[in-house]
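I opened this notebook to keep a record of what I looked up and under which cut-offs. The entries follow the order in which I went through the chains.

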Amino acid sequence: MLSNGGIIVNQEVFLQVKQVSKTFPSVKALDHVQMIVHKGEVHALIGENGAGKSTLIKILAGVYEPDLGAEIEIEGQCIEKLSPITSVRHGISIIFQDFSLFANLTVAENIAMGGAIESGNAIVNWKEMSVIAKHSIERLGVDIPIDVPLGTLSVAKQQLVAIARSLACKAKLIIMDEPTSALSKGEVDLLFTIIRNLQKDGIAVVFVSHKLEELFEVCETFTVLRDGKYIGTYPASEMDNNKLISLMVGRSVTFDRMPSKGIGETLLEVKNLTKAGNYKDISFELHRSEILCITGLVGAGRTEVVQSLFGLNKPDSGEIILEGKSVKITTPEHAVKLGIAFVPESRQTQGLVLRQNMRDNILLPILNELVNKFGLLDHKALEAESDKWIKEINIIPAVPEMLAGQFSGGNQQRIVIGKWLATNPKILIIDEPTNGIDVGAKSEIHKLLRFLADKGMGIIMISSELPEVLAISDRILVMRRGRINGVFEGETVDSESIMNKAFLADKNIK
Amino acid sequence: MKHWVKTKEFMVLMIVLTIIIIVSIGNGKAFLTTENFFDILKSNLILAIAAMGMLPIILTGGIDVSVGAMMGCASVLSAQWMINVTGNIPLAFAAGALSGILLGSVNGFLVAILKIPPIVATLGTASVYMGLMSYITNGNWISNIPAGFVAFGKQYVFGYIPVQIFFLVAMAILTWWILKYTFLGRGVFAVGGNMVSAERIGFNVKKIQFLLYAYAGFACGIAAVVRTSIFGQVDPKTFTGFELKVIGAVVVGGASINGGYGSVFGTLLGVALMALLENGMILLRIPTFWQKILIGAIILAAVSIDFIRAKRAEAKKIIVDVT
Amino acid sequence: MYNFLKQTRKTIRSGSKEFMLLGVLVVIAFILTVLTKGKFISMANLQSMASQLPEFGFFTLGMMICILTGGINLAVVNTAAMSSIVGALVMVKIYAGGQGSAGTAIAIGMLAVFAVAALGGLLNGFAISFIGVTPMLATLATMIMFEGIGLLLSKGNAISGFPESFIWIGSAKILGMPFPMVLFIVAVIVYYILLEHTPWGKRVYMIGCNPIATRYSGVNNNKVLMKVYMISAICGALAALLIMSRYNSAKVDYGSSYLMKSVTATVLGGTDINGGYGRVMGTVVAVFIIQSISSGLNLLNVNRFLTDVIMGALLILVLVINFASSVVKNARKKKQNAIKA
C-alpha cells in the first residue's frame with residue numbers, strides 16, 4: 001500500500017542518468033543503465049545480488065567513474081565528472097551500510113565536519129557546528145544529544161545522524177544503501193516518517209533494499225536492474241511482490257542444466273546450529289556426490305553458517321555430525337584434518353597470497369606431506385604435485401613460478417580450488433564460486449564442480465547468481481535473515497520460488 | 001556523567017588513587033608532604049611536556065622513539081645558543097623549540113611523505129640525533145649556562161611551585177586546544193577512528209602526520225630547555241631511553257592505538273601514575289630496579305587489555321539481522 | 001640430496017639482489033682498504049671483525065625472522081642481556097660457590113641462558129599471537145621489562161667470575177676459524193634450511209604476506225608466530241653467550257648498540273620491512289657490510305659518536321632507497337598496464 005496519499009509530489013526532475021555503463025576487468029557491472037529521480041520522490045532501486053545497484057549508486061556518489069558515454073544531468077545541468085566531493089556539492093548524499101561515520105567524534109562533528117573542512121579554516125568553530133548540527137537534528141524532528149561521542153548512540157540513532165549529516169550538506173537527493181537492516185520495527189517506522197517529512201521539503205530519497213514489504217510502505221517508484229541492465233521503472237501502485245520478483249529474475253542468460261549422476265549416502269548432518277547475531281536453527285544434510293546450494297540475499301547469514309563448518313566462526317549451540325560422528329570444529333586446521341575444504345568469497349584477500357607464486361599457494365595446506373626423510377621439503381615432489389593439479393584444473397598460464405596476483409580472476413579461482421583439491425577433501429565448501437569471473441570461465445568452473453561431485457565429493461556452494469544455482473544445484477537451501485526459509489530440489493525448482501523465499505517471509509508469499 | 005565513569009581515564013584515575021593509598025599506608029610521613037609533592041612535580045614536568053607531543057602521534061597509530069635524542073639535541077643546541085649568542089630567556093626557549101621542530105620535521109618527512117614505518121624511521125633518526133649531540137658535547141656536560149637563565153630556573157611561584165610549571169600548563173593547554181579546536185586536532189581523531197572516511201571527508205592525512213611529528217619535536221624542544229632550567233646544566237647521558245617513559249605514560253594514560261581514543265587529561269594521569277610509582281618505590285624502599293620492570297609490565301598490560309577489548313567487541317558484533 | 005643441491009642452485013640463480021649486495025660488500029671492502037692504507041684487510045682487523053661479527057649476526061638473524069612475519073622484535077637485545085645475567089649469576093654461584101666443577105657451572109649456566117631467553121620469547125609470542133598485540137608494542141614493553149629484570153638481578157653491575165674455561169667459547173679455534181664464527185656459520189646454514197627448505201619456513205613467508213589467507217588455508221598462525229619469536233629469542237641467547245665470553249662478564253648494557261644495527265642489516269639484506277620477503281644469504285652479506293663499515297670507521301679513528309650518526313643515517317638511507325625503488329617499480333608497472341590497455 002502506498003503511503004504518500006495527500007502529498008503532492010513535485011514532478012520536476014532532479015537527477016537523470018542515461019547510457020551509464022561500468023566495466024571492471026572481467027565483468028560488465030552496468031550496461032547502458034538509465035534512471036530518473038524526481039524532486040521529493042522516494043524511489044526504490046532493486047535487483048538481486050550483482051544486479052548492479054551498488055555500482056550505480058557508487059557512480060552517483062562519485063566513488064566510481066562510469067565508462068565513456070554516460071550522460072549525467074542534475075537539475076537540468078549536464079555533469080562532466082563526479083567525485084565524492086563534487087557529488088556532495090551537487091546535492092547528492094550517500095549513506096552506505098556502515099554509515100562512514102566516526103564513532104570517536106561527537107555527533108555535532110559527524111554532522112557538520114564535511115562542510116567545515118571545505119571552508120578552509122584551521123580553527124574549528126564549535127558554535128557554528130553546534131548550530132548546524134542542532135538545525136539538522138531539528139529538521140528530522142528527533143531528540144539526539146549533539147555533544148556525545150557518536151559511538152555511544154544506538155545504531156538507529158547513528159543512522160539518523162548520518163541523515164542529519166546529509167541535510168547539513170544541503171542534500172537534495174539522499175541515497176540509502178540497505179538502511180533498515182539493523183533497525184527494529186519501531187525504528188523503521190520512525191525512519192519512514194522522517195523520509196516522508198523530507199519529501200515535503202523536496203528532498204528525494206533513493207532506497208537500495210531487499211526488504212520488499214517495507215519498500216511498499218514508503219516508496220512511490222521502483223527501478224529494477226537485472227544483470228547490470230535496466231529493466232524498467234514502475235509506479236508502486238502498479239506493482240506487488242510477485243510482479244517485482246518476476247521482473248528481477250526473468251532472464252535470457254542461462255546455463256545448461258547439469259544434473260547429478262546419483263547422490264550417495266549422508267556425509268554431513270547439521271542440527272539446529274545457532275549463533276547469536278549470525279544465524280538460528282540451521283539444520284540440513286549433505287550427501288556424497290551432491291551439490292547443495294545455499295542461496296539468499298547478501299546478509300542472510302550464508303557465509304556465517306559455512307564458516308562455522310570450517311572452524312572460523314564458533315557456533316553457540318547445535319550439532320555437527322560428520323560421517324556419523326559428532327564433531328566440534330574448532331579451527332581451520334582441524335577442519336582440514338577432518339577433510340573439509342573452504343574456498344572463501346574473496347579470493348584476493350582470503351583465498352590467495354598474491355605476492356607469492358602459484359605453486360606455493362597451491363601447496364600451502366599440504367606442505368607437511370611433501371617432505372623427505374629428513375623433514376625437509378622434497379622439491380621434486382613439490383614440483384610434481386603442483387604440476388599435477390595445474391594440469392588437472394587447467395590453470396593458464398601453466399607457469400608455477402608466476403605470482404598469484406598476476407593471474408586472471410578465473411585462473412585465480414582455479415588456483416584456490418586446486419589448493420583445496422590437493423588436500424583430497426571429502427567436503428568442499430565454496431563461497432560465490434564465480435564472483436567477478438566472465439561467463440565463459442563461469443561455465444568451466446561449473447563443469448569442474450559437477451565433475452568433482454560426480455567423483456564422490458560433497459559440495460556446499462553459496463551463490464547469489466540464480467542461473468548458476470539452477471544449473472548445478474542438486475538441492476537448494478534458501479536462507480533469509482539468518483534462517484533457512486525454503487528447501488527445493490534442483491531439478492524442479494524455478495527462479496521465482498527461490499526469490500520469493502529469499503525476499504519474503506512465508507506469510508507474504510502468495 | 002555515567003559515560004565518564006566507564007572511560008579509561010577513570011580507570012587510570014582509580015589506579016593512581018590506589019597507588020597513593022598504598023604508598024600513604026607504607027610511608028605516609030614522607031609521602032604526604034607538600035615538599036614531596038612538589039618534588040615529584042618538578043622531576044616529572046619534563047616527562048609531562050614531552051608526553052604532550054607524543055600523544056597525538058600515538059592517537060594516529062604512529063610512534064616516535066627519537067624523543068630522547070631530540071631532547072638531547074635540542075638541549076645542546078639551545079645551550080650553545082645561550083652561551084654563544086644570548087642568554088635571553090624567551091629566545092633560549094625559542095631556540096630549543098625551533099631545534100625541536102626541525103628535528104621532528106625530519107621524522108615527519110620520513111613517515112608522512114616517504115611512508116617509512118615510524119618505528120624504523122625514528123629508530124634511525126634517534127641514532128643520528130643522539131650521535132650528533134654526543135659528538136658536539138663529546139659526552140661532556142655543558143655547565144656554563146648563563147647565570148641569568150640558571151637563576152630563572154630556580155624560581156618558585158607561590159612558595160613551592162616551580163616556575164617551570166607554566167610551561168607544562170601552557171603545553172597541556174596548547175595540546176588540548178589543538179586537539180579540540182583545530183582541524184588538525186580533529187583530523188587526528190578522525191584518522192585514528194577511520195582513516196578511509198577521514199580522507200574522503202577531506203582531511204589531508206599526509207599533512208596531519210607531518211605536522212604531528214614536527215609538533216612532537218616542538219614539545220621535546222620545550223621540554224629540553226625546561227630541563228636545562230631545572231638542572232642548570234646539560235648532561236648528554238640522561239636522555240637515553242627517555243622516550244620509553246614517555247610512550248609508557250601516554251599508553252598507560254588510556255591513549256588507544258586502536259581507534260583514535262585518548263586525551264590530554266588521560267596522558268597527564270599517565271604521567272602521574274609513572275611519577276607516583278617511581279616516588280612510591282623510593283619511599284617504600286623498593287629497589288628502583290623494579291621500576292623498569294613495572295613500567296614494561298604496565299605497558300604490556302595496558303595494550304593487552306586494549307586489544308582484548310577490541311577483539312571482544314568484534315566478536316559481539318551483530319552481522320545478520322536474524323529473524 | 002641431489003635435488004637439494006639442484007634447488008639450492010636455482011635459489012642462487014634467482015638471487016640477483018643478493019649478488020648485488022655481494023658486489024656492494026666488495027666495493028666497500030675495497031674502499032676501506034684503500035682508506036685505511038691496508039689495515040682493513042690486516043690479520044688483526046679481520047680477526048677482530050670475526051670475533052664481533054657473529055654476535056651481531058645472531059641479533060640480526062633474530063630480528064630478521066620476526067620482520068619476515070610482518071612484525072619486529074625490539075626486545076631481542078634485552079632478551080639476550082637478561083638471559084646472560086641470569087646465566088652469569090648461575091655460573092658464578094655454582095663455580096665460585098664451590099658447588100660444582102667448572103664444567104658443571106658452564107653447562108648449567110648455558111642452560112639457564114637458553115631457558116630464560118626461551119621464556120622471554122614465549123612471552124612475546126603469547127602476547128603477539130594469542131592476545132593479538134601488535135609486535136612493535138609488545139616487544140617495546142618486554143624490552144623495557146627485560147632490561148628491568150636484568151638491572152634488578154645485576155644491580156647495574158657487571159657480573160664476572162666465570163670459570164677460565166668459559167672463554168674457550170670465544171677463543172677456541174676450529175680448523176683455524178674462531179669458534180664464534182663457526183657457530184654463526186652453522187646457525188646460518190640451519191636458518192637457511194629452516195626458512196627456505198621446510199614447510200614451516202614457507203608458512204612463515206606466507207604469514208608475512210597475508211595472515212588472513214594463511215588462516216583460511218588451515219595454517220595455525222599462532223603456533224607459527226610463537227615459534228618465530230622463540231627462535232628469535234634463542235638467537236639472542238646465542239649472541240648473549242658470545243658476548244659473555246668476549247667480555248668475560250655479563251652486564252645489562254653490553255650489546256645495546258646492536259638493536260638498530262640489526263634492523264639496518266635486515267633491511268639492507270633485502271628483507272621487506274612489511275614482511276613476506278627476505279633471504280638469509282642477503283641478510284648475512286648485509287651483516288658483513290655493516291660490520292665492515294663499523295670496523296672501518298673504527299680503524300679510521302672516526303669519533304665513535306659520529307659512527308652512531310653514520311649508522312643511523314645508513315638505516316634511513318636504506319629505507320629511502322627501498323622507497324624510491326618501489327616508486328620506480330610501480331611507475332613502470334603503471335606504464336606497462338597503460339600500454340597494454
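**Chain C, overall**

I began with the contacts in chain C that have a separation of 6 or more, and found that residues 24 or more positions apart account for 78% of them, where two residues are in contact if their C-beta atoms, placed from the backbone, lie within 7 Å. I note that this is a predicted model, in which local features need pLDDT of at least 70 and side-chain atom pairs count only at pLDDT 80 or more, whereas totals for chains, interfaces and linings use all residues. Residues are numbered from 1 along each chain as its sequence is written, while chains are lettered from A and ligands numbered from 1 in the order in which they are written.

I then listed the secondary structure of chain C, which comes to 14 helices and two strands; these are DSSP runs numbered from the N terminus, helices being H or I with at least four residues and strands E with at least two. Along the principal axes, the C-alpha atoms of chain C fill a box of roughly 80 × 55 × 45 Å. The radius of gyration of chain C is 21 Å, which agrees with a compact globule of 341 residues, since that would have one near 20 Å; the radius is taken over C-alpha atoms, and the globule rule is 2.2 Å times the number of residues to the power 0.38.

**Burial**

I found that 52% of the 341 residues of chain C count as buried, a residue being buried if 20 or more other C-beta atoms, placed from the backbone, lie within 10 Å of its own, exposed if 12 or fewer, and partly exposed in between. I looked up C:I293, which is found in helix 13 (residues 280-299) of chain C, and C:I293 counts as buried because it has 20 C-beta neighbours inside 10 Å.

**Chain C against chain B**

I recorded 36 residues of chain C in contact with 39 residues of chain B. On the chain C side, the elements giving two or more residues are helix 5 (102-131), helix 6 (135-154), helix 12 (258-268) and helix 14 (304-340), and helix 6 of chain C gives the most, with 13 residues.

**A helix pair in chain B**

Last, I looked at helix 3 (residues 34-59) and helix 12 (residues 242-252) of chain B, which pack at an angle of about 65 degrees with their axes 9 Å apart; axes are lines fitted to C-alpha atoms, for helices over the stretch in contact, and angles run from 0 to 180 degrees between N-to-C directions.
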